Amino acid sequence: MNKQLGSEGKWTVRAKCAMSFDLIKGQKIRIITPHGHQAADFFAYNLDSYEEWLSPMHTWIITKSLVPRPNDIFLTRFRNPILKMIEDGAEGIHDMLLPACDQFRYEGFGYKDPHGSCSENLTNVMRRRGQEITIIPQPVNFFTNTSINPDGTLIAPGNIVKPGSYVVLEALINTLCVISSCPFDIRPEGWEINGSGKVTDLEVEVF
Ligand SMILES: [Zn+2]
C-alpha cells in the first residue's frame, strides 16, 4: 500500500510486508516496533528522482558512525541531505551494514520455494508506483542488533530491542520512504535478526 504525498496518520505495516510513505519536506515519520525485536528495513528516495536514494555508506563517512544517532543527517548516494534522525527510542540498536534479505539468501539456507524478503517487498512496492527497479539500495536496518568485534568480525547476537521502541526521522526534501517488516524467520547458529525468529507488525506515524 502507498500513502499519498503529505498524508498524516497512523498505519500498520503487517508482518513480512512493506508500505511506502510520501513525505513533504519538513514532515516527520515515526517507526515503531510495538512488540519489540523486529527489524525494520528502511529505504528512502528523492521523490523527484528515484535515481537518488539514501545511502548508508555516504552517510557514515560524514557522521563517522556505523549506527544512526539523533541529529545525524542521512545522505543520498549523490551526497545530498535527505533525512535527519530526530529521536532514537531504541537505545541505538540499528544497523547500516547488512544488505536487504532476498530470495538468494533464503535459498542459501536450503529454502527451495519462494520466501518473502525485504528486496521483494521493495520491488513490489515500487512496481505498484509504476517503477521497475533493478537495484536494491543498502537499507538502514532499524531495530537490528549487529556489532563489530575488535578483530573485525561482524556479529548479530540476538535482537534485544524492547517493545515500543521507535525512531523519528524528518524529511529534508520531499521523500519517498519504504518500510519493510523483515521476513527473516530463521535463526542460523549465532545469527538472529528478529527475536526468536518471530516476525511481527510495525507501526508508522506521519506527522
Ligand atoms: Zn529482510
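Which residue in β16 is the bridge partner of glycine 9? The partner is valine 206. The structure is a predicted model, in which local features need pLDDT of at least 70, side-chain atom pairs count only at pLDDT 80 or more, and totals for chains, interfaces and linings use all residues. Residue numbers start from 1 along each chain as its sequence is written.

**Overall fold**
- The protein chain contains three helices and 16 strands; these are DSSP runs numbered from the N terminus, with helices being H or I of at least four residues and strands E of at least two.
- The radius of gyration, taken over C-alpha atoms, is 16 Å, close to the 17 Å that the globule rule gives for 207 residues, so the protein chain is as compact as a globular protein of that length. The globule rule is 2.2 Å times the number of residues to the power 0.38.
- Along the principal axes, the C-alpha atoms fill a box of roughly 45 × 40 × 30 Å.

**Burial**
- Of the 207 residues, 42% count as buried, that is, 20 or more other C-beta atoms, placed from the backbone, lie within 10 Å of the residue's own.

**Open sheet**
- Six strands form an open sheet in the order β2-β16-β4-β13-β8-β7, with antiparallel pairing; two strands pair if DSSP finds at least two bridges between them.
- The edge strands, each pairing on one side only, are β2 (9-13) and β7 (73-75).
- From one strand to the next, the twist averages 25°, with angles running from 0 to 180 degrees between N-to-C directions of axes fitted as lines to C-alpha atoms.
- Strand β16 (residues 202-206) pairs with β2 in the antiparallel sense over five bridges.

How values were computed. Buried ≥ 20, exposed ≤ 12 C-beta atoms within 10 Å, placed from the backbone.
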